[in-house]
Amino acid sequence: MISAPITTSVFDLFKVGPGPSSSHTIGPMKAAYDFRQRLAQLSADLQTQANSVHVLLYGSLSATGKGHGTDRAVVAGLLGWQPETTDPDALLELLQNPASSYPILVGATTILLEPQHIHFERKRYPSPYANTMVLQLRHHEQVLYQEEYYSVGGGFIIRKGEPEAIPDVQSVPYPYSTMTELKTQLTTHNLRIDELIMTNEMALTGRTRAEVNQRIDLILEFMHKAVRRGLRHKGILPGSIKLTRKAPILFRQAKGMSQSSDSFLIFLNAYCLAASEENAAGGIVVTAPTSGASGVIPGLTYLARYHFHHDKATLRAGMLAAAAIGFLVKHNASISGAEMGCMGEIGTASAMGAAFLTRCAQPSGSIKAIEAAAEIAIEHHLGMTCDPIGGYVQIPCIERNAMGAVKAYNAFLLATSGAASLQKISLDAVVKVMKATGRDMSTKYKETSEAGLALSATEC
Ligand code: SF4
């Protein structure tokens, strides 16, 4: 019996927005935008009494929010900007001048948001989630109205008290919540994984097949634009690390090594670094499943398109297989670095990438091989910590995307070498282990920059 089926849309997983972090940039921007909409609904009495808006950031949002641009994202959301249409250059301009204040519409009233009213709170806050933010409308010290939001990874947010929509088994034609259930549906109805995900997506969103395909093509285009921009852009990334972009260097090197057997790996590394460096610079990327991990799948899909010359239909099928793996991890563990460490971000992206490659290479879409590839990729990311230096999504994040893609490639090779049926560990089992490992991991290693590589900052 299927308990609560997965009802996430493919396009909630693959979201377009500004870098560098889906949980610290896109999520907070969406929360602040939601708060702005709610302010407009308040009574005129409350609206006219109010004289300030305050934002309180807790947990990992407080620890690494500065480096991740959370404060700018919150201002943007309160100004009514949305991730998909935000101009990344305009976003980077926000809060550059500490003397600036920003006009926030509260019904017919305008309140100026002062930068000092964004508080990075280091004290613990009683919250069920690592990334918590509280937005308040105040009259001097008196709180007139407030909302509490949780940014749960990949740009997904939850508002405190909002009744959780219990997914109805009827809402999708082929309900599943685990890989075991997904496989049962595939066998019972004699479907490929991409066909099942496409049919569920059409039912969930009301889009036609042509519209879903068009949107997947657009998502791929956004991913590949990020790769192309990153291959062109040279120089130093924003922030105190002063990290030099490496993608254009690797790309040039790869082009000079076309006869070498290593060249395709150097191309893949260059593509992954390119999209990740764009993310670190605050450029427009696609969460896959998060912004921190937004270099793995763009790198692999770029390789699949321009080196392996897969056609559009094959790339779309691969993307749907990748989405299925992202859904399963999000539903049964978490894709948030603040909850799972980096195995939740790069580990999941790598598993999605392994499923993508396997589906692209096998027209029959053997679910055994896809499951094995995804399982292998996650298994070898278990326990991987999140400890970004200085709170910037740069070290280890950028190279980690390239490593995640290379592991995805090897997981695909291992799974399609004819021994998929010998695989002992199921995807469901490894996702359970991931969840338990994330729960046991010290918070120092979960996007707080309080341990690990983050402590080596002085050596950089
Ligand atoms: S270390 Fe991994 S999880 Fe942490 S910010 Fe970087 S990419 Fe994201």
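Is Ala 408 buried or exposed, and at what relative accessibility? In this predicted model, Ala 408 counts as buried because its relative accessibility is 0%, where buried means under 20% relative accessible area, exposed over 50% and partly exposed in between, computed with a 1.4 Å probe on protein chains only. Ala 408 is found in helix α17, helices being DSSP runs of H or I with at least four residues and strands being runs of E with at least two, both numbered from the N terminus.

Because the model is predicted, local features are reported at pLDDT of at least 70 and side-chain atom pairs only at pLDDT 80 or more, whereas totals for chains, interfaces and linings use all residues. Residues are numbered from 1 along each chain as its sequence is written, and side-chain values use heavy atoms, with hydrogens and water left out.

Rolling a probe the size of a water molecule over the atoms shows where empty space is left. On a 1 Å grid over the protein atoms alone, a cavity is a set of points where a 1.4 Å probe fits but cannot get out, while a pocket is an open set with protein on both sides within 12 Å along at least five of seven lines, and lining residues have an atom within 4 Å of a point. Grid points are joined across faces, edges and corners, and a volume is the space filled by probe spheres set on the points. A search of the whole structure finds two cavities of 30 Å³ or more, and about 190 Å³ of space lies in the largest cavity. This cavity is lined by 23 residues, of which Gly 292, Glu 345, Cys 386, Cys 397 and Glu 447 lie nearest its centre. Two or more lining residues come from each of α2 (22-41), α15 and α17, and α15 gives the most, with three residues. The lining comprises nine nonpolar, ten polar and four charged residues, with Ala, Val, Leu, Ile, Met, Phe, Trp, Tyr, Cys and Pro counted as nonpolar, Asp, Glu, Lys and Arg as charged, and the others, Gly among them, as polar.

The ligand sits in the largest cavity, a placement that requires more than half of its atoms to lie within 2 Å of the grid points. Around the ligand are Gly 292, Cys 342, Glu 345, Cys 386, Pro 396, Cys 397 and Arg 400, a residue being near a molecule if one of its heavy atoms lies within 4 Å of it. The elements that give two or more residues to this shell are α15 (342-361) and α17 (397-415), and the shell divides into four nonpolar, one polar and two charged residues. Within the shell, Cys 397 counts as buried because its relative accessibility is 16%. Pro 396 is found in the loop between α16 (367-379) and α17, and a cis peptide bond with omega of about 10° joins Ile 395 to Pro 396.

A disulfide is taken as a pair of cysteine sulfur atoms within 2.5 Å, and by this rule the count comes to zero. Cys 360 is accordingly in no disulfide, the nearest cysteine sulfur, that of Cys 272, being 15 Å away. Cys 360 counts as buried, with 7% relative accessibility.

The second largest pocket has a volume of about 400 Å³ and is lined by 21 residues, of which Lys 66, Gly 69, Asp 71, Arg 72 and Gln 96 lie nearest its centre. At least two lining residues are supplied by each of α4 (60-68), α5 (70-78) and β5 (118-120), with α4 giving the most, three residues. By class, this lining has eleven nonpolar, seven polar and three charged residues.

Several backbone features lie in loops. The peptide bond from Gly 19 to Pro 20 is cis, with omega near 10°, and Pro 20 lies in the loop between β1 (16-18) and α2. Lys 242 has a positive phi of about 60° although it is not a glycine; Lys 242 is placed in the loop between α9 (209-232) and α10 (247-255) and counts as exposed, at 56% relative accessibility. Phi of Leu 95 is near 65°, likewise positive in a residue other than glycine, and Leu 95 is found in the loop between α6 (88-93) and β3 (102-106).
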